[in-house]
Amino acid sequence: MNVNLTPNDLSHVVAADRAHVWHHLTQHKPYETVDPRVIVEGRGVKVWDATGKEYIDAVSGGVWTVNVGYGRETIADAVRDQLVKMNFFGGSMGSVPGALFAEKLLEKMPGMSRVYYSNSGSEANEKAFKMVRQISQRFHGGKKWKILYRDRDYHGTTIACLGAGGQDERGALYGPFPDGFVRVPHCLEYRKQWDDVSGADYGRRAADAIEEVILREGPDTVGAICLEPVTAGGGVIVPPEGYWPRVQEICRKYDILLHIDEVVCGLGRTGTWFGYQNWGVEPDFVTMAKGVASGYAAISCTVTTEKVFEMFKDDASDPMSYFRDISTFGGCTAGPAAALENMRIIEDENLLDNCLAMSERLMGNLEKLKEKHAVIGDVRGKGLFCGAELVADRETKQPVEEKKAQAVVAGAMVRGVIIGCTNRSLPGMNTTLCLSPALIVTPAEIDKITDAIDGALTEVFG
Ligand code: PLP
């Protein structure tokens, strides 16, 4: 660790954090007796806390974000240079990095044509929801206003995004939600909803379930469907083969816009630039945030086809024709400046190739852990986005107790590896250890990650 703070400074920081900061997604009671963990430095895939303890970060900043790893001086330089030249101009003005990043991004997204900037994944998704509603108002007499979303998917933390969220534990205390968001079933084959099919047939069956909802609601009332390419926080769910082609077919059949939420998968996480590209999907909207600038600056994008953009074209006879939306800090230049350099790094360092190679090793190691530990019921993943679902009983697939899953996460932490765990808080939901190291991770680091999990599982479950 190379932090230029004295031990006294560091203990002051920890005390100030403990006294004044309200952490995300955190029960604060334990901080009455233990210090909160403050991360003070990062380099590559490693981070150090205020006590000097070193960790391998197997979840890229806790929430699948730091795709190119920590300590990237060229990104910091690009942001610094941009900020002293021109930090911000909002509203209708363009910026140099905004224009150049949009151009570069769209090179990786054949079929897509426009980039709308904002600051977070939730905001990017809300923009797409608003676009769908405006299209409904202008072209369908307000009738095609419903937006479908999938059980277990998550699209953000705002009230509308929670209304479009399939993880009930996140929204339980915050309703009522706006009308017009309609749930379709998840597609996790491990937790089968249709017993008579498997593999690609299961994928098609899960997609057919979407059509059933559309027919129930009335196809002329459904404007869009919003789906994660691989469900993240809902349990690392990779749709079975057969799913995506059928979803695409259904969307075309009923003139329903396809919105892919790439907030987690975007910018290389699954070994392709975007998750949907694994299955040849042709979306109408793509939203992205976390990996766009790897957490070096806040940025999110709502990307659309030219066909969608055309629907917002100026119409002199209708002053309501353009997209009447703004995001003040969507005008910050730090985001696209960081994103441009982030993308150059992914390209020049062949990080998509490394992602695929390291994915093979990580999945292989997890499969070996599954052979050794009966508590691992299922291993799944795409690229460096992997999960191991923990069950108390392989036959019944009863999830393990929350406190045991937490003990595994804590056990890995003691062994110097930070891992995640999804859906711990809702009984009956799957409990999945979540691994998504930076795309620069090495074979030795992968082995350390799985060794730590091995040790923690043995400690907790024997
Ligand atoms: N969409 C997905 C798939 C996510 O996983 C998240 C956050 O984890 C979001 C949207 C919301 O992003 P943000 O927290 O930046 O608002």
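Modeller: The largest share of the shell around the ligand, three residues, comes from helix H5 (residues 121-139). Helices (H or I, at least four residues) and strands (E, at least two) are DSSP runs, numbered from the N terminus. This is a predicted model, in which local features need pLDDT of at least 70 and side-chain atom pairs count only at pLDDT 80 or more, while totals for chains, interfaces and linings use all residues. Residues are numbered from 1 along each chain as its sequence is written.

Colleague: How many residues surround the ligand?

Modeller: A residue is near a molecule if its C-beta atom, placed from the backbone, lies within 6 Å of it. Ser 120, Gly 121, Ser 122, Gly 156 and Val 263 are the closest. The number of residues surrounding the ligand is 16.

Colleague: Is Val 236 buried or exposed?

Modeller: Val 236 sits in the loop between strand E7 (222-227) and helix H9 (243-253), and its phi is near 50°, a positive value in a residue other than glycine. A residue is buried if 20 or more other C-beta atoms, placed from the backbone, lie within 10 Å of its own, exposed if 12 or fewer, and partly exposed in between. Because Val 236 has 28 C-beta neighbours inside 10 Å, it counts as buried.

Colleague: And Leu 25, buried or exposed?

Modeller: Leu 25 belongs to the loop between helix H1 (7-20) and strand E1 (39-43). Leu 25 has 9 C-beta neighbours inside 10 Å, so it counts as exposed.
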